[in-house]
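This report describes how two chains meet and then turns to one residue inside a chain. Please consult the sequence and the structure alongside the text.

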Amino acid sequence: MRHSGFSTLLYKEVLRFWKVASQTVAAPVLTALLYLLIFSHVLEGHVKVHGVAYTAFLIPGLVMMSVLQNAFANSSSSLIQSKVTGNIVFVLLPPISYLEFFLAYVLASVVRGVVVGTGVLLATFWFAPLTFAEPWWILVFALMGGAILGSLGVIAGIWADKFDQLAAFQNFLIMPLTFLSGVFYSINSLPPFWQQVSHWNPVFYMIDGFRHGFFGVSDASPWLSLAVVGACLALLTVFTLNLLKRGYKLRA
Amino acid sequence: MSAAIRIQQVSKRFGSTQALDRVDLEVQQGEFFGLLGPNGAGKTTLISALAGLVRADSGSLTVMGHDVQGDYRAARRHLGVVPQELVFDPFFTVRESLKIQSGYFGISDNDSWIDEILENLGLASKANANMRMLSGGMKRRVLVAQALVHRPPVIVLDEPTAGVDVELRQTLWAFIRRLNEAGHTIVLTTHYLEEAENLCTRIAMLKAGRVVALDTTANLLRRFSVHALRLRTGGALPAELARDGAESGGWWSFPFDGFDQVETLLARIRAAGCRIDDLEIGKPDLEEVFVRVMQGPPQGQAN
């Protein structure tokens with residue numbers, strides 16, 4: 001019986017990172033744990049945000065940052081590796097549509113993001129009393145944020161011809177956007193100018209909305225965050241699908 | 001019955017290079033077809049266009065009657081391509097690679113066919129080995145296996161024997177021949193011309209993106225190549241004889257069309273008083289045809 005190649009491509013993309021889970025899951029969980037230990041050691045007792053103890057405030061930020069960074073890493077590194085080694089041809093020869101291609105890579109990225117995020121949560125939640133005030137927001141922002149970064153990963157993986165180009169994309173775009181998004185602080189604590197700047201960073205809304213799900217309070221309204229994140233996702237989806245449809249750098 | 005492959009007026013330009021220039025080609029079902037040409041002639045571009053890896057600037061390509069752009073799903077299901085580059089996915093074992101490839105084509109329970117391919121390609125003992133652990137020759141076999149998982153009626157092999165040892169070549173050709181006998185259409189590119197001569201019933205030669213010869217292998221050999229009487233003599237040949245032949249490495253070569261000419265030639269040599277030390281009759285081969293076709297000016301579409 002014939003089915004669509006989509007499910008196999010999704011399965012293969014998940015299997016790919018799962019086979020090297022020590023690098024793709026355990027390592028980012030450890031990194032997040034180290035951030036937590038260092039920052040909470042320095043700042044716990046000094047800082048309270050929205051009336052929440054600093055460590056508790058930090059945990060959702062670290063979880064979401066891990067979701068986002070790993071979602072990006074999954075699609076981008078899979079694609080660049082396949083392009084550089086040439087085995088991308090195995091995916092291009094079968095009857096897989098560009099829509100199926102997009103969905104498989106993005107969903108696998110979301111899976112990796114959620115797996116790592118869950119790992120970070122499990123490794124950190126017993127450091128501070130954590131609440132799950134409005135859990136639906138947690139899920140919605142994790143999935144949408146993962147999809148946005150997974151989609152960016154598809155773009156970066158297709159655009160980059162070499163690993164250092166991908167590293168540049170990651171270091172000069174993804175890292176600043178995620179670090180300057182309120183993972184480690186509330187943007188209300190920033191000077192007015194930087195508060196304004198942060199409001200132009202879509203990652204801020206992903207983290208803020210995600211955090212709202214835990215504490216029921218946030219810098220921005222979760223509905224505004226949802227609108228911004230939803231618009232970003234829609235825009236990126238259209239852009240990425242258009243690239244794939246044209247066969248940009250994949251089908252000359 | 002639709003042609004296995006129909007290529008009509010296909011052109012493709014990469015920057016300033018005209019990779020394909022109004023190529024017309026038709027391969028019938030069940031043929032064993034050879035696509036020959038020097039490096040850069042456009043063979044791989046043509047195959048890539050057929051496989052949807054490259055989009056032609058103009059013209060149309062069909063596989064078993066399915067347009068490779070408009071009806072790409074059906075076209076790709078009917079086509080199996082063995083790429084020229086030795087590519088593999090280092091994350092998986094041989095069997096995993098083949099199961100995944102089957103899944104891409106929408107086939108979930110393919111184990112018995114996978115076992116059959118593994119057996120036929122001498123890969124059965126490596127089924128559970130990781131791709132990274134395989135030798136180059138073994139990786140090449142897996143590439144062939146991956147192209148066959150969905151039992152494509154049309155199989156394209158892009159230089160499958162480049163840098164491959166004798167044993168694999170023989171295993172591979174025996175298997176491909178069986179597939180051909182079972183009705184699969186085979187298209188082959190190779191630099192080993194004796195392979196093409198032995199295997200292919202029809203051949204197209206490409207040069208600078210154009211088809212410069214297209215005929216049955218037998219006709220090409222007849223048309224472009226001739227028999228030659230090759231001999232080594234004790235003394236120098238008189239000028240009137242030397243004019244008709246060519247000397248290389250102590251051997252004189254005299255081309256002839258019919259065997260009755262051999263007698264005349266030998267009589268002339270005897271009459272000139274030359275002693276013949278060694279003598280053989282050279283058969284026409286595809287290499288000679290190839291060299292002649294490539295040296296000649298582009299003739300447009302032959303045939």
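Two salt bridges are counted between chain B and chain A in this predicted model. In a salt bridge between these chains, the side chain of Lys19(A) meets that of Glu96(B) at 2.7 Å, N to O. Polar contact, with both partners at pLDDT 80 or more, joins 14 residue pairs between chain B and chain A.

On the side of chain B that touches chain A, two or more residues come from each of strand 1 (5–14), helix 2 (72–77), helix 3 (94–104) and helix 5 (136–148) of chain B. Helix 3 of chain B provides the largest share of that side, with five residues.

The extent of the contact is set out below.

| Item | Value |
|---|---|
| Residues from chain B in the contact | 31 residues |
| Residues from chain A in the contact | 32 residues |
| Area buried between chain B and chain A | about 2,900 Å² |
| Part of that area given by carbon and sulfur atoms | 59% |

Three residues, Leu53(B), Phe91(B) and Tyr104(B), supply 27% of the area that chain B buries against chain A, more than any other three residues.

His212(A) lies in helix 9 (residues 202–215) of chain A. Is His212(A) buried or exposed? His212(A) counts as buried because its relative accessible area is 7%, and the cut-off is under 20%. Leaving aside residues up to four places away in sequence, His212(A) touches Glu134(A), Trp137(A), Val217(A), Ser218(A) and Pro222(A).

Terms used: Residues are numbered from 1 along each chain as its sequence is written. Chains are lettered from A and ligands numbered from 1 in the order in which they are written. This is a predicted model: local features need pLDDT of at least 70, side-chain atom pairs count only at pLDDT 80 or more; totals for chains, interfaces and linings use all residues. Side-chain values use heavy atoms; hydrogens and water are left out. Helices (H or I, at least four residues) and strands (E, at least two) are DSSP runs, numbered from the N terminus. Buried means under 20% relative accessible area, exposed over 50%, partly exposed in between (1.4 Å probe, protein chains only). Contact means heavy atoms within 4.5 Å. Buried area is the accessible area (1.4 Å probe) that two parts lose on being put together, summed over both. A salt bridge is a side-chain nitrogen of Lys or Arg within 4 Å of a carboxyl oxygen of Asp or Glu. A polar contact is a pair of N or O atoms within 3.5 Å; within protein, one must be able to donate a hydrogen and the other to accept it, and residues adjacent in sequence count only if both atoms are side-chain atoms.
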